Amino acid sequence: MAARQAAPARRGAHPTHFLCIPLLRRQLARNINGFRADVSNINGAAPLPPDAVRPPGTMHITLGVMSLFQPGQLARAVAVLKELRLRDILAETMRAGSQEGHVWLTLKGMEAMQDASHTGVLYAPPLDVEEQGTGVLYAFCQVVRRRFIEAGLMEAEKRPFLLHATVVNTTHVKRMRGQGRERLMLDARPLLEEYAEHVWLDRHEVRTLAICRMGAKPKGEHGDEAYEVVEEVAI
């Protein structure tokens, strides 16, 4: 029987939800907060506004975004996530003969989304842990992403699929009166060099996938934020 498809999302519509790997770990939170303290120091070589650094509670790796405006689309997206046989997908993407049955990642280094001399987004790339075989994380995410595309819930992007955990995004910087409305752009080359070997998160086991709602909300009393989790399933 052919898979039931949701009504296609409006092309070019503003995303309302995203599918992701949550990265809520104390080690990562400490590193993000330490990075914010370092780069927002006005005596530093390359200071940033503190709100350019993403709050620890928002950290995740995006598999894709969805524009779920039409009735029933969100329910369909949740159903697709619940119906995925994630353990089977993981087993198929593991290297031949592997019996580990888990996927691990390390966040190491820093890269720019655009030209490093003029960019608004910096991210930490996820690396496969060596013993599980190169490319397992990417292959696993590609298969999961493809299921949502086939269901008509996610558009296939023309640009290459890039796994990343956003650390800096200047769209969140609140501009002061008189500074204009242009987005703050950075010469991030010194930061990329300084943090080239920095480990943000070491040997993190990917345990869940989640559908979250766009738009982070305040969390706790220390300026943290988090996205609303609509549905989360274990691997």
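The dialogue below goes through several features of the structure shown above.

Colleague: What kind of model is this, and how are its residues numbered?

Modeller: This is a predicted model, in which local features need pLDDT of at least 70 and side-chain atom pairs count only at pLDDT 80 or more, while totals for chains, interfaces and linings use all residues. Residues are numbered from 1 along each chain as its sequence is written, and side-chain values use heavy atoms, with hydrogens and water left out.

Colleague: How many helices and strands are in the chain, and what share of its residues count as buried?

Modeller: Helices (H or I, at least four residues) and strands (E, at least two) are DSSP runs, numbered from the N terminus, and the chain has 5 helices and 12 strands. Buried means under 20% relative accessible area, exposed over 50%, and partly exposed in between, with a 1.4 Å probe and protein chains only; 45% of the 235 residues count as buried.

Colleague: Which strands make up the open sheet, and in what order?

Modeller: Strands of a sheet pair through backbone hydrogen bonds, either parallel or antiparallel. Two strands count as paired if DSSP finds at least two bridges between them. Here an open sheet of 3 strands has the order E6-E3-E8, with antiparallel pairing, and its edge strands are E6 (126–128) and E8, each of which pairs on one side only. From one strand to the next the twist averages 25 degrees, where axes are lines fitted to C-alpha atoms, for helices over the stretch in contact, and angles run from 0 to 180 degrees between N-to-C directions. E3 and E6 pair over 3 bridges, and threonine 106 stands opposite leucine 127 in E6. Helix H1 (residues 26–39) lies across E3 and E8, running at about 165 degrees to E8.

Colleague: Which residues of helix H2 are buried, and what do they pack against?

Modeller: In H2 (residues 73–83) the buried residues are Gln73, Arg76, Ala77, Val78, Val80 and Leu81. Taking contact to mean heavy atoms within 4.5 Å, the buried residues of H2 pack against several elements, including strand E1 (17–22), strand E2 (60–66) and helix H4 (136–150).

Colleague: How many salt bridges does the structure hold, and which parts does the pair of glutamate 197 and lysine 108 tie together?

Modeller: A salt bridge is a side-chain nitrogen of Lys or Arg within 4 Å of a carboxyl oxygen of Asp or Glu, and the structure holds 8 of them. In one of these, the side chains of glutamate 197 and lysine 108 meet at 3.1 Å, N to O. Glutamate 197 lies in the loop between helix H5 (189–194) and strand E8 (199–205) and lysine 108 lies in strand E3 (residues 104–108), so the pair ties together parts that are 89 residues apart in sequence. Glutamate 197 is exposed, at 58% relative accessible area, whereas lysine 108 is partly exposed, at 30%.

Colleague: What is the phi of arginine 203, and in which strand is this residue found?

Modeller: Most residues other than glycine have a negative phi. Arginine 203, however, has a phi near 50 degrees, a positive value in a residue other than glycine. Arginine 203 is found in strand E8, and with a relative accessible area of 35% the residue is partly exposed.

Colleague: Is asparagine 169 buried or exposed, and which side chain does its own side chain contact?

Modeller: Asparagine 169, in strand E7 (residues 165–169), counts as buried at 16% relative accessibility. Its side chain makes a polar contact with the side chain of arginine 183 at 3.0 Å; a polar contact is a pair of N or O atoms within 3.5 Å, where within protein one must be able to donate a hydrogen and the other to accept it, and residues adjacent in sequence count only if both atoms are side-chain atoms.
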